[in-house]
Amino acid sequence: MSDKTKTPKKILLVDDDYDLLEQNRMLLESKGYTVVTADSVESAWKTFKDEKPDAAVLDLIMEEHDSGFILAHKIKRDAYGKTIPVFLLTSATMVTGMKFGVTTGEEKEWINCDAWFNKPINIDELSTKLEECFETRSM
Amino acid sequence: MEEIRPKVIIIDDEKGLRIGTQRLLQSENFDVDTAENGLTGIQMAKDVDYDLAIIDLKMPDIDGITVLKEIKKARPNTVCFIATAYASYDTAIEATKLGAFTYIPKPFTPEELLRNLNAGYERRILILESERLKREREERLLELAFEKSRLNTIVNSLADGVFVVNKDGELVLFNPAAIKFIELNDIILGERILGILPPKISELIEKILGNPAFENKTLSAEVELKPDRGLVVEIKCSPVPHPDGSLAGVVAVLSNITETKKIEYVKSQFVSMVAHELKTPMAAVLGFLNIILNPELKTTPQQQADYLNRSKNRLQGLVEMVNDLLDISRMEMKTKQRELKELNIGEIVKGTVDFLELELKKKGITVTSKYQENLPVFKADNNEVTRLFTNIIGNAIKYNKDNGTIDVEVYTNKNYIVTRIADTGIGMKPEDKAKLFSEFFRVKNEYTRSIGGTGLGLSIVKRIAESYSGRIEVESEYTKGSTFTIYLPFTK
């Protein structure tokens, strides 16, 4: 949870589903974060450059099936972007029972993100992970 | 049954003997011809396949030995007798050497003659029987050779690859398709091939060869011979037994299943896409409910009502999507019973516009229409065609601007009934137009944000049009409007 004495952390939230975008914004804001949103890869990149968020939470499947991956890679290759945590959201788990996880080094290289979350998100788990990432980075 | 009478020719210049012998033999049930000199005799024996020939040794024109030679040359199976009053040991020997059955000294008693002729006739029957057997055997050999080459031709013509290895792993048979599949152009019979075959194929063969107590079991596997579904074959290996039941080798059959694999892949892609499309609205509903039920978030009753309404819309959309998917699946499986009727496209389009009147009024859209008179009929299922036009005109309303217009025109062009539906709506960018008929594709921009849809409507339209050998074309200008033109072949 973000410390109230500090400036609230700014999260870039990207999803092309407006309902989900609004829900997740509300949940993140309830945890004290400032949220900037985008509904496409294009506008997300622009917002990322303009706003320099402290973290990015991206929907995996936007207009194309790999938009989330591509955006994650793009952010991670950016000089500023590589310093912030990037989370991916997926709906695959609920349907397929498949559990995503980024564990091996190879996976980390291929899937350029710090954590996966299933939709709808559990905001407590997500904010705990965010804080963990912020802490690691400030050390 | 008619009795078979032995056919005899008597060649003798002595008339009394000729006639006497003829009468005697006829009374004994022989069929008898006579010739009064050597040359006539030869000619007759050449023309008719006599069973027996009695040849006088001394005749005025040519001698009996010459006649015998000539007859034997033409008819080797005619049993010949030399008859003579001038019997000598030498002539007897010579006649027999030349093929005479025996030698009858003149004068002969009827008993002597009959005994000789009967023995000769028995011989003749034996000769004919052995000839028949020989012929039959030759025919069968020929058939066998033909059968083998026919089998080879068939095996070589198979689209499936076939090859056989013996139990030492040596190639003993293959057809061209097998070589094409496994790309071993230089392979020759007798070569040990287990080491050079794709490993998965060798493994199967070795599994059978390595099991001496093999059961009559076929092992199969799918092998991708070229990556990314470039060439996928199914291989089936079966043991080939010796007549005594021991293992002789393995026969492998390779079938090209690339197309099936490609279809399977497209299907699984589609399933994962469907899963995602179903999951997203469910996640949205679940998300709203979680928010309403979460006391920490302290949502107001107004917010709650908004979220419940939005949840309801998402569920409504989900139901529509499931219905569309079921329609697509029925079309794919062709389980939908079509009721083909002669339809008037103009009337269907008119009916659809009337049906959508409420939607048109809500947005203040004006429809202008022009229907060609005496339109030819289109033979199709009324429900399907109505569905096609409902989707197209529905889109023309949904994606139109408030107080816009829709121009409808139905006319014939060549073999088609053409329906042109032009709207003054939001239009499309070229890159969106290209993906328009793909399942689940929906244009996403500031205009479409608030418009609901499953992303399946146009895919259904395309399927219906194409299933009647029709087609659909789109012209569009972003922010200006779109024109859909549907071509359906009319029934002549």
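I worked on a predicted model, where local features need pLDDT of at least 70, side-chain atom pairs count only at pLDDT 80 or more, and totals for chains, interfaces and linings use all residues. Residues are numbered from 1 along each chain as its sequence is written, while chains are lettered from A and ligands numbered from 1 in the order in which they are written.

**A:Asn24.** I found A:Asn24 in helix 1 (residues 18-30) of chain A; helices (H or I, at least four residues) and strands (E, at least two) are DSSP runs, numbered from the N terminus. A:Asn24 is buried, with 27 other C-beta atoms within 10 Å (buried takes 20 or more, C-beta atoms being placed from the backbone). Leaving aside neighbours within four places in sequence, A:Asn24 is in contact with A:Leu13, A:Asp15 and A:Ile121 (contact: C-beta atoms, placed from the backbone, within 7 Å).

**Sheet, chain B.** I looked up an open sheet of 5 strands, order 12-14-15-17-16, with mixed pairing (strands pair if DSSP finds at least two bridges between them). Strand 12 (366-371) and strand 16 (471-477) each have a single partner strand, so one side of each is left without a neighbour in the sheet. Strand 16 and strand 17 (residues 481-489) of chain B pair in the antiparallel sense over 7 bridges. I noted B:Glu473 opposite B:Thr485 in strand 17 of chain B. Helix 12 of chain B packs on the sheet, touching strand 14 (405-413), strand 15 (416-423) and strand 17 of chain B.

Technical notes:
Buried ≥ 20, exposed ≤ 12 C-beta atoms within 10 Å, placed from the backbone. Contact = placed C-beta atoms within 7 Å. Axes fitted to C-alpha atoms, helices over the stretch in contact; angles between N-to-C directions.
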